[in-house]
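I opened this notebook to keep a record of what I looked up, one topic at a time. Each entry begins with what I wanted to know and ends with what I found.

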Amino acid sequence: MAGKPRSGCEALRVVARCRPMSRREEAAGYERVLELDVKLGQVSIRNPRAAPGELPKTFTFDAVYDASSKQADLYDETVRPLIDSVLQGFNGTVFAYGQTGTGKTYTMQGAWAEPEKRGIIPSAFEHIFTHISRSQNQQYLVRASYLEIYQEEIRDLLAKDQSKKLELKENPETGVYIKDLSSFVTKNVKEIEHVMNLGSQTRSVGSTNMNEHSSRSHAIFLITIECSETGPDGEEHIRVGKLNLVDLAGSERQSKMGAHGERPKEASKINLSLSALGNVISALVDGRSTHIPYRDSKLTRLLQDSLGGNAKTIMVATLGPASHSYDESLSTLRFANRAKNIKNKPRVNEDPKDTLLREFQEEIVRLKAQLERRGMLGKKRRRSSRRKKAMDGEGAVENEGEDDNEDGLEKNMENYLKEQKERLEEEKAAIQDDHSLVSEEKQKLLQEKEKMIEDLRKEQEATELLAIKYKAMESKLLIGGRTIVDHTNEQQKMLELKRQEINEQKRREREMQQEMLLRDEETMELRETYTSLQQEVEIKTKKLKKLYAKLQAVKAEIQDQHDEYIRVRQDLEEAQNEQTRELKLKYLIIENFIPPEEKNKIMNRLYFDGDEDQWKFQPLVPTGGNSSQMKRRPTSAVGYKRPISQYARVAMARRAHPRFR
């Protein structure tokens, strides 16, 4: 996709949001361990198990929102500028990250029925279509898609067949995309909300100890906005902005879930994909890594442009304030603190080759030309018919000037077809009343007129179909400025500009305060003067104690990092053990129930597709074009066969051991 280059990079924006204490937490007597400073954009977390005097850990972000914050505050201050950029042709992503039950889905979707509680997604819908209605001399096409990643399988939430698994593909120009993902053209807020509601009904949710309505999958709502306008050169230019609205499943520990059946398996897949996301962020921030592991999960591949690529990205870190969520909240804060160091390279996607808007415009022009040809033909025939009537003395032609001035193609065609039908019926009646004609000749003339009437009917049907198709195509394009009064538009624009200026001023004040705090610490020693040696000793002793406390805090941080590493490793080992048990069971079934010759046939047909990063079967009857490829592929499959069969034999040998029963 062609893009307008943009100098420099843009940091990923990270904001933190803390939910209120729940009734269950208050009833259980959990204490609050999080403190948020909204003005400075800082979050402080206190370890409930810490020794007396241990300092809390403090993290600084682009903005923080406490329990009293409103949905509109988060949207107007943080998300609105991103949506404006998408409308200008940039790619944008908003995703919420955090533990299960911390308010990710509430932040992204909210309560649709209550205007004050509407989340980022419905507010973005309103923002997009309001902007389109106020724009001038621009054409828009808005498309929506909805998908989920459930247990590392991609599902189209808007497809009729929910069992179909979609594949990830990669295009050198447009990047990673999903093959056969359905997309719906939407013309207003109501339509796009309907698309969202349809997909939400089929999304995977479940109940755990952490959350009664826990999201068991990562959901991505994708909005593509194509805009066409005439540039300074007089040519039509198209910009395409893509908006990814991501509601991630929550990270959770098996011990706290209290779930059975499919829930532990779901949690294992969720944690693995979030771990892959963390590895990608760590590799991007590290600066020394030559390889970024985007291919480790479907989620990271889909978010490849959003993390270090061509996109503007916002991360909302959601936090739980209670002491029992300390470990998870600290892990989320560390994750968010790393993510804010990612640098993206956003650019305007201008005049790409594969825009649907351009296809629609070309199709509309073609249909309009066909209708005009039919309409102009109708005018010409009407005029010649009326002139003939006037010459034959059948009456004067009235209101000719009025008909000549008709602009509606549909009305022209309707009048023309009606006149032609009446004329043919009159000629048919005249032939039947003419007794001078021979019977055979009369029958022949009648058949010709019948054929002409039938051709006229077919022409009328074809014209009606063309008109319907033309109207349908044109209705999908949104033309800015047709339905809103200009004066009202200007007032609304001025109000939005003022609101944006206020939010920008708040952001600058927050950044200046953060910078002043850092400089104060650095220049404190330079500004101080001592009146006596005793005073110098006392002040430097205080500094020494402060530095010692910082040292202890760093040591505690190292220990916490080590403990977190052990916990993550234990979770991964547990997931690995679960997968190993499933693998052994499958090998056991293969060795006992599938004949060796059938197994060898299957193994010889296997090959690894590097493009899709998965194993596939060769077709039983190879195609002519891929004969050389078919000869090469069994080698890799056989090469992979040895460790599989060896592992299977080990599993069979150890199956009788009580540990593996």
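**Entry 1: the model and its salt bridges.** I note at the outset that this is a predicted model. How many salt bridges does a search of the whole structure find? I read off 19 of them, and I then looked at a few one by one. As background I wrote down that side chains of opposite charge can pair when their charged atoms come close.

**Entry 2: Arg143 and Glu226.** I looked up the pair Arg143 and Glu226, which form a salt bridge with their closest N and O atoms 2.8 Å apart. This pair links distant parts of the chain, since Arg143 belongs to strand β8 (residues 139-150) and Glu226 to strand β15 (residues 218-230), 83 residues apart. I also checked the cover on Glu226 and found it buried, with a relative accessible area of 1%.

**Entry 3: Glu170 and Arg301.** Which elements hold the two partners of this pair? The side chains of Glu170 and Arg301 meet in a salt bridge at 3.0 Å, N to O. Glu170 is in strand β10 (residues 168-171) and Arg301 in helix α8 (residues 298-302), so that the pair joins distant parts of the chain, 131 residues apart. I compared the cover on the two partners: Glu170 is partly exposed at 45% relative accessibility, whereas Arg301 is buried at 5%. I also found that Arg295 belongs with them, as Glu170, Arg295 and Arg301 are linked in a network of salt bridges.

**Entry 4: a pair within helix α15.** I turned next to Arg569 and Glu573, whose side chains meet in a salt bridge of 3.2 Å, N to O. Both lie in helix α15 (residues 533-593), and because they are four residues apart they are separated by about one helical turn. The general rule I noted here is that an α-helix has 3.6 residues a turn, so residues three or four places apart point the same way. Arg569 is partly exposed, with a relative accessible area of 45%, and Glu573 is likewise partly exposed, at 34%.

**Entry 5: a nonpolar patch.** Which residues form a nonpolar patch on the surface? I found Leu272, Val568 and Leu572, which together have about 190 Å² of accessible area. Val568 sits in helix α15, and with a relative accessible area of 36% it counts as partly exposed.

**Entry 6: strands β4 and β5.** I looked at how strand β4 (residues 42-45) meets β5, and found four bridges joining the two, which run antiparallel. Within this pairing, Ser44 has Thr58 of β5 as its bridge partner. Strand β5 (residues 57-60) has a covered face made of Lys57 and Phe59, while Thr58 and Thr60 make up its uncovered face.

Entry 7: Where does helix α2 bend? In α2 (residues 71-87) I located a bend of about 55° at Val79, with a proline, Pro81, following within four residues. Of the 17 residues of α2, 13 are buried, so this helix is largely enclosed by the rest of the structure. After α2 comes Gly89, whose phi is positive, near 110°. Helix α4 (residues 120-134) has 15 residues and reaches 21 Å from its first C-alpha to its last, close to the 21 Å expected at 1.5 Å a residue. I found α4 mostly covered as well, with 13 of its 15 residues buried.

**Entry 8: positive phi values in a loop.** I first noted that most residues other than glycine have a negative phi. Gln151 has a positive phi near 50° without being a glycine, and its place is the loop between β8 and β9 (153-156). Glu152, also not a glycine, has a positive phi of about 65° and lies in the loop between β8 and β9. Buried or partly exposed, I asked of Glu152? It is partly exposed, with a relative accessible area of 22%, whereas Gln151 is buried at 17%, the cut-off for buried being under 20%.

**Entry 9: Gln99 and Leu248.** Gln99 and Leu248 are 149 residues apart in sequence, and their C-alpha atoms are 9.8 Å apart in space.

Definitions and conventions: Residues are numbered from 1 along each chain as its sequence is written. This is a predicted model: local features need pLDDT of at least 70, side-chain atom pairs count only at pLDDT 80 or more; totals for chains, interfaces and linings use all residues. Side-chain values use heavy atoms; hydrogens and water are left out. A salt bridge is a side-chain nitrogen of Lys or Arg within 4 Å of a carboxyl oxygen of Asp or Glu. Buried means under 20% relative accessible area, exposed over 50%, partly exposed in between (1.4 Å probe, protein chains only). Patches are made of residues with over 30% relative accessible area and no salt bridge: like charges are joined within 9 Å, nonpolar side chains (Val, Leu, Ile, Met, Phe, Trp, Tyr) within 5 Å. Accessible areas come from the Shrake-Rupley method with a 1.4 Å probe; for residues, only the protein chains shown count as cover. Two strands pair if DSSP finds at least two bridges between them. The bend at a residue is the angle between axes fitted to the seven residues ending there and the seven starting there. The expected span of a helix is 1.5 Å times one less than its number of residues.
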